[in-house]
Structures are given as structure tokens and as C-alpha cells.
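Open the model in your viewer and keep the selection tool ready. We will go from stop to stop.

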Amino acid sequence: MTPYSLAFYMDVVATGTVLGVRPTDSPDRVTEVLGSNFGENNFDDRSMCRDYGLTEFHWDRACADHPWSGHHFTLQVHRLACRGGALANEALRARYGRFTPRLRFEKLQRLLQRRGVPLLEVPEVPANAPYYRTFWQPDSHVAVSVIGMYGEYSTPDDLRVGDVYRIHAPMTAEEVEWRRARVG
């Protein structure tokens, strides 16, 4: 058995879900699984984010009288380094136990590879290079952002090179191709 939070991250990368919740699921479905303890941000009447501490889900809609459509989720792994494992909400801790303050990419990648879940490096967007590196799981469409190089004001002081910054889904094959085309 993989210890603590590492099993959670492996499950997310392999499945593209958080406790079975997909990026396209409704706000009600996310609340059903993750609970009602969240902060909600409405940027306007067409976009919304629910922040569960470590996990954020985002939705959008065409106009105020349309239903919400799931857009993406993000695991803000970097927040654990300064706020601690309690940042992971109760549903995650009940299933996976204690969350460590940092996630080392090398270990995550090695364990996923053993399970037949490869992570492929894709070009970083120019605004983030060389401070961040992005790795993609083509089957689940999950992207893992890793600290590639320390940069004052560019990377968090409480993370080290090789630490996972965030995990998000989906990153589509079209976005990967767009990134590759930009690098040339």
C-alpha cells in the first residue's frame, strides 16, 4: 500500500478524477462527494470556483439562466507546504489519511510508471519557463506542474526544485499539440 497522500495523487493522475468526481461534474455532485465546507468565488454570473482547500473545481455557463458546466479541477499541492496537511478536506483525509507538506515528482513519476501510467513532459508556456515543467498523462488528461528551477518571485520559497506545484485536469491533446507547436 502506498503511504498517505501519495496514493491520492496517484489515483488522481491515473483516473483524471478526485474521489471519482470528474472535471465535468456538476457543483451538486462535487458537494455530494467532497462536502459542503468550501469557499465559493463567483467571478461573474458565468464562472464559478469552489475551493475545498487543496482542491478547486471550476464551472462556467453561457448565461445566468443556464446550468453550470464543469470546466476543470486543480489540486493546489503547493498550499500544503505553508498551511499543512489539514488543508486537505475531511473527505480526502478520511479516505487517504495524512497529507504531507510536499510531493516529490520523482517519486510520484516512478510509482506511476510501475503501474503503467506514464507521464510525458510537454513544453512549458514561455511565461513559466524555466521555473516550471509540465508533465502530462495522455489517457487521463491530467497535467502535473513541477518546480523546475528556483526563481525569486517566480516560485514559492517553501518549495524545492522537483516538488509538485499543482495537478490539474483536463489538459487536452489539443493543448499539448498547441504547446508543442509554439516551441517548434
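This is a predicted model: local features need pLDDT of at least 70, side-chain atom pairs count only at pLDDT 80 or more; totals for chains, interfaces and linings use all residues.

**Stop 1: two helices.** Select α1, residues 4-15, and α5, residues 105-114. Their axes come within 10 Å and cross at roughly 60 degrees. The two helices are therefore oblique to each other. The crossing is right-handed.

Now show side chains. On α1, pick L6, Y9, M10 and V13; they meet K107, L108, L111 and L112 of α5. Sorted by class, this contact has seven nonpolar residues, one charged and no polar.

**Stop 2: the largest pocket.** It holds about 160 Å³ of space. Ten residues line it, and L6, T100, R102, L103 and K107 are the closest to its centre. Which helix gives the most to the lining? Select α1: it supplies four residues. The lining as a whole has five nonpolar, two polar and three charged residues.

**Stop 3: two cis peptide bonds.** Zoom in on A129 and P130. The bond joining them is cis, with omega about 0 degrees. P130 sits in the loop between β5 and β6. Next, go to A169 and P170, where the peptide bond is also cis, with omega near 0 degrees. Look for P170 in the loop between β8 and α6.

**Stop 4: positive phi.** Select L19, in the loop between α1 and α2. L19 is not a glycine, yet its phi is positive, about 50 degrees. Finish at Y153, in the loop between β7 and β8. Phi of Y153 is positive too, near 70 degrees.

Definitions and conventions. Residues are numbered from 1 along each chain as its sequence is written. Side-chain values use heavy atoms; hydrogens and water are left out. On a 1 Å grid over the protein atoms alone, a cavity is a set of points where a 1.4 Å probe fits but cannot get out, and a pocket is an open set with protein on both sides within 12 Å along at least five of seven lines; lining residues have an atom within 4 Å of a point. Grid points are joined across faces, edges and corners, and a volume is the space filled by probe spheres set on the points. Ala, Val, Leu, Ile, Met, Phe, Trp, Tyr, Cys and Pro count as nonpolar, Asp, Glu, Lys and Arg as charged, and the others, Gly among them, as polar. Axes are lines fitted to C-alpha atoms, for helices over the stretch in contact, and angles run from 0 to 180 degrees between N-to-C directions. Angles under 35 degrees count as roughly parallel, over 145 as roughly antiparallel, 65 to 115 as roughly perpendicular and the rest as oblique. A crossing is left-handed if the near helix is turned anticlockwise from the far one by less than a right angle, and right-handed if clockwise. Contact means heavy atoms within 4.5 Å.
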